[in-house]
Amino acid sequence: MNSRLRPLRLGSWLEGMTLLLLLLVAVPLKRLAAWPDGVALMGPLHGAAFLLYLGLLAHACWMRELRGRDGLLLLGAAFVPFGAFVVGRIFARDPL
């Protein structure tokens with residue numbers, strides 16, 4: 001694994017986990033159990049994780065640690081549940 005991309009990989013994992021917790025736990029609890037506190041907690045946490053991830057991704061692209069196509073794939077994966085875990089092969093590639 002490219003060690004320079006390790007923070008981005010951790011950020012991707014964190015963003016993906018908070019998205020899954022929000023969509024698969026907090027939202028169903030809000031709708032099915034009338035418990036909105038889960039979304040009130042997970043929503044801002046996921047938002048912060050997403051912004052952190054975008055910052056890490058922008059930094060990696062700015063420093064040319066990623067290919068342009070890989071950066072776009074990582075950005076797109078942030079909007080898809082389980083996407084952060086599917087794009088893990090990008091982190092195993094050799095740097096440019």
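Modeller: A term for the charges comes before anything else: Lys and Arg count as positive and Asp and Glu as negative, while His and the chain ends are not counted. Please also keep in mind that this is a predicted model.
Colleague: How many positive and negative side chains does the chain have, then?
Modeller: There are 10 positive and 5 negative side chains in the chain. The centres of these two sets lie 5 Å apart.
Colleague: Let us turn to the fold. How many helices and strands are there?
Modeller: The chain has five helices and zero strands. Its pattern along the sequence reads α-α-α-α-α.
Colleague: And what does the C-alpha trace span along its principal axes?
Modeller: The span is about 50 × 20 × 20 Å.
Colleague: What share of the contacts with a separation of 6 or more comes from residues 24 or more positions apart?
Modeller: Such residues account for 64% of those contacts.
Colleague: Now the surface. What is the accessible area of the chain?
Modeller: It comes to about 6000 Å², and carbon and sulfur atoms make up 71% of that surface. Of the 96 residues in the chain, 33% are buried.
Colleague: Take Ser12 as a case. Where does Ser12 lie?
Modeller: Ser12 lies in helix 1, which covers residues 6–32.
Colleague: Is Ser12 buried or exposed?
Modeller: Ser12 is buried, because its relative accessible area is 2%, and buried means under 20%.
Colleague: Which residues is Ser12 in contact with, leaving aside neighbours within four places in sequence?
Modeller: Those contacts are with Tyr53, Ala84 and Phe91.

Notes. Residues numbered from 1 in each chain as written. Predicted model: local features only at pLDDT ≥ 70, side-chain atom pairs only at ≥ 80, totals over all residues. Heavy atoms only, no water. Helix = DSSP H or I, 4+ residues; strand = E, 2+ residues; numbered from the N terminus. Buried < 20%, exposed > 50% of the residue type's maximum accessible area, 1.4 Å probe, protein only. Contact = heavy atoms within 4.5 Å. Areas by Shrake-Rupley, 256 points an atom, 1.4 Å probe, with all protein chains shown as cover. Charge placed at Lys NZ, Arg CZ, Asp CG, Glu CD.
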